[in-house]
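Take a look at the model before reading on.

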Amino acid sequence: MGKFALIGEKLGHSFSPRIHSMLSDYEYSLKELAPDELENFLKTTELDGMNVTIPYKKAVLPCCAHIADAVRRIGSANTLVRRADGWHAYNTDYFGFIYMLTSCGYSPKGKKAVVLGNGGASVAVVTALEDMGASQIVVISRKGENNYDNLHLHADADVVVNATPVGMYPHTGEAAVSLDAFPNCRAVFDLIYNPSRTKLILDAEKRGLICRSGLSMLVAQAHAAAEYFTGSSIDKSRIEDILHTLEKETGNIILIGMPGCGKTSVGEELAKLTGRSFVDADEEFFRTYGISAGDMIKAQGEEVFRQGETKVLSELCKRSGLIIATGGGCVTRAENYPILHQNGFIFYLERGIDKLPTAGRPLSQQSSPAALFEKRKALYEGFADFVIDNDSGSIEDAALAILETLK
Ligand code: NAP
């Protein structure tokens with residue numbers, strides 16, 4: 001089936017091997033190269049093809065025998081395939097971006113587009129928007145004529161695309177612009193894929209706009225590369241299947257619910273069943289501040305505790321693939337919703353009020369669990385992606401129900 005790789009200077013953790021393993025049977029590895037190794041590597045490697053990332057997307061071009069039209073226009077390639085006359089260069093980011101738009105039914109035809117950032121990815125985005133018929137495309141660049149100080153000139157934009165790294169892990173919660181600047185905007189696309197929902201995407205979701213994150217583009221560009229690698233067409237429906245698999249594998253499983261509803265026990269059971277790490281947000285609070293949640297509430301009041309809890313959740317929830325048990329009252333702060341939602345599936349564990357313990361739970365002691373539940377029920381339901389019964393069965397039943405839901 002051939003041998004392929006992703007080349008770049010520093011690759012760190014990459015989704016590419018996992019994505020390609022779901023697209024075909026060929027071998028796919030990661031190869032880090034220093035700049036002075038690139039030319040010789042391209043001459044001597046036995047690879048049949050490769051994906052290319054920063055900083056070699058332009059640097060590979062002089063070593064190629066054929067350059068596809070899109071590569072010529074964009075000025076960079078992210079896919080090379082060995083043919084009889086040498087390397088052929090393609091740019092599948094272009095196709096990945098077009099897929100990101102068309103897969104949610106958005107067409108920029110006749111519309112004004114704003115593209116944030118002026119790097120390599122931005123050129124692929126602009127080229128694709130041109131080909132899709134956008135009537136005007138404005139690139140916002142920090143030092144350019146169109147910059148972050150004159151966004152008001154583009155308040156009529158129909159679509160905003162983020163092609164900057166702003167908001168990428170670990171700097172989640174940041175965005176290059178506020179969508180307030182674009183009151184007519186109908187669609188927002190962010191090339192970033194970690195976290196799965198950046199601040200910009202969360203903001204777009206909240207406003208009910210069409211939006212999609214960069215994971216769809218990443219999988220779609222890999223799909224196009226796999227077609228070049230294998231020389232055969234691969235069913236397009238695989239893109240969404242792979243996307244859902246990746247979202248499930250990388251997304252956090254977040255448990256919310258009343259104090260004592262079983263979040264810790266169910267979380268630990270899930271960790272046993274899946275091999276994922278389990279983190280209890282209350283224990284993380286203690287590790288961070290050296291005082292328990294209960295003692296902090298008694299000593300400094302609930303508001304001070306909640307501020308600390310939000311900071312702890314911000315750090316925890318930007319990570320990936322964890323099982324996180326939250327404190328029962330985290331839903332009382334609206335700002336915790338995007339923090340939990342950015343990279344996770346939120347499960348609300350329901351348990352009968354009569355079964356909830358109150359010992360060691362200061363807020364459940366101050367007002368009865370029934371009164372607390374009355375205040376919070378709608379909040380739990382509002383935060384939840386899924387509701388899981390933890391009343392009628394065992395802890396294992398609840399954990400299995402969560403895994404079944406994720407399937
Ligand atoms: P890049 O060259 O490093 O950065 C793109 C541009 O972002 C820069 O040229 C700069 O433009 C702007 N920028 C950088 N730091 C900024 C900051 N702190 N504030 C505001 N603007 C800033 O990256 P790239 O290769 O073009 O990629 C851009 C993003 O797209 C990255 O996050 C990358 O991971 C992602 N990407 C995703 C896919 C996918 O398949 N989903 C594919 C390619 C790239 P100005 O200096 O002109 O302001």
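Q: How many residues surround the ligand, and which are the closest?
A: This is a predicted model, and the answers below are computed from it. Ala121, Ser141, Arg142, Leu191 and Gly214 are the closest residues to the ligand. The number surrounding the ligand is 20.

Q: What distance separates a backbone N or O atom of Ala121 from an oxygen atom of the ligand?
A: Backbone atoms of several residues can be checked against ligand oxygens. For Gly119, a polar backbone atom is 3.2 Å from an oxygen atom of the ligand. For Leu218, the distance from a polar backbone atom to a ligand oxygen is 3.4 Å. For Ala121, the value is 3.0 Å.

Q: How much of the accessible area of the ligand does the protein cover?
A: A polar backbone atom of Leu218 lies 3.4 Å from a ligand oxygen. On its own, the ligand has 900 Å² of accessible area.

Q: How many disulfides does the structure hold?
A: A disulfide needs two cysteine sulfur atoms within 2.5 Å. For Cys64, the nearest cysteine sulfur is that of Cys63, 6.6 Å away, and Cys64 is in no disulfide. For Cys211, the closest cysteine sulfur is in Cys104 at 7.6 Å, which is too far for a bond. The count of disulfides is 0.

Q: Is Cys64 buried or exposed?
A: The cut-off for buried is under 20% relative accessible area. Cys64 has a relative accessible area of 15%, so this residue is buried.
The answer is buried.

Q: Why do the buried residues of helix H10 line one face of the helix?
A: Helix H10 spans residues 281-289, and Ala281, Glu284 and Phe285 are buried in it. They line one face because, seen down the axis of H10, they fall within an arc of 105°.

Q: Which helices and strands are included in what covers the buried residues of H10?
A: Ala281, Glu284 and Phe285 are the buried residues in question. Their cover includes two helices, H11 (293-300) and H12 (302-317). It also includes strands E13 (278-280) and E14 (323-325). The names are H11, H12, E13 and E14.

Q: Which residue just after H10 takes a positive phi?
A: At the start of H10, a side-chain oxygen of Asp280 comes within 2.9 Å of the backbone nitrogen of Asp282. Most residues other than glycine have a negative phi. Just after H10, a phi of about 70° belongs to Gly290.

Q: Which backbone oxygen lies 2.7 Å from a polar atom of the side chain of Asn390?
A: Asn390 sits in the loop between strand E16 (386-389) and helix H16 (395-406). At 1% relative accessibility, Asn390 is buried. Its contacts beyond four places in sequence include Gly262, Leu349, Arg351 and Ala398. The backbone oxygen at 2.7 Å is that of Cys261.

Q: What is the relative accessible area of Val266?
A: Val266 is in helix H9 (residues 263-274). Beyond four places in sequence, Val266 touches Leu255, Leu349, Asn390, Ile395, Ala398, Ala399 and Ile402. Val266 is buried, and its relative accessible area is 0%.

Q: What distance separates the C-alpha atoms of Gly328 and Arg186?
A: Gly328 lies in the loop between E14 and helix H13 (336-341). With a relative accessible area of 12%, Gly328 is buried. Gly328 and Arg186 are 142 residues apart along the chain. Their C-alpha atoms are separated by 36 Å.

Q: Where is Lys318, and is this residue buried or exposed?
A: Lys318 is in the loop between H12 and E14. Among the residues it touches are Tyr169, Pro170 and Thr172. At 11% relative accessibility, Lys318 counts as buried.

Q: What is the omega of the peptide bond from Tyr169 to Pro170?
A: Most peptide bonds are trans. Pro170 is in the loop between strand E9 (159-162) and strand E10 (187-190). The bond from Tyr169 to Pro170 is cis, with omega near 5°.

Q: Which loop holds Pro195?
A: The peptide bond from Asn194 to Pro195 is cis, with omega near 10°. Pro195 is in the loop between E10 and helix H6 (199-206).

Note on methods:
Residues numbered from 1 in each chain as written. Predicted model: local features only at pLDDT ≥ 70, side-chain atom pairs only at ≥ 80, totals over all residues. Heavy atoms only, no water. Buried < 20%, exposed > 50% of the residue type's maximum accessible area, 1.4 Å probe, protein only. Helix = DSSP H or I, 4+ residues; strand = E, 2+ residues; numbered from the N terminus. Arc of directions from axis to C-beta. Contact = heavy atoms within 4.5 Å. Polar contact = N/O pair within 3.5 Å; in protein donor to acceptor, adjacent residues only side chain to side chain. Near = heavy atom within 4 Å. Areas by Shrake-Rupley, 256 points an atom, 1.4 Å probe, with all protein chains shown as cover.
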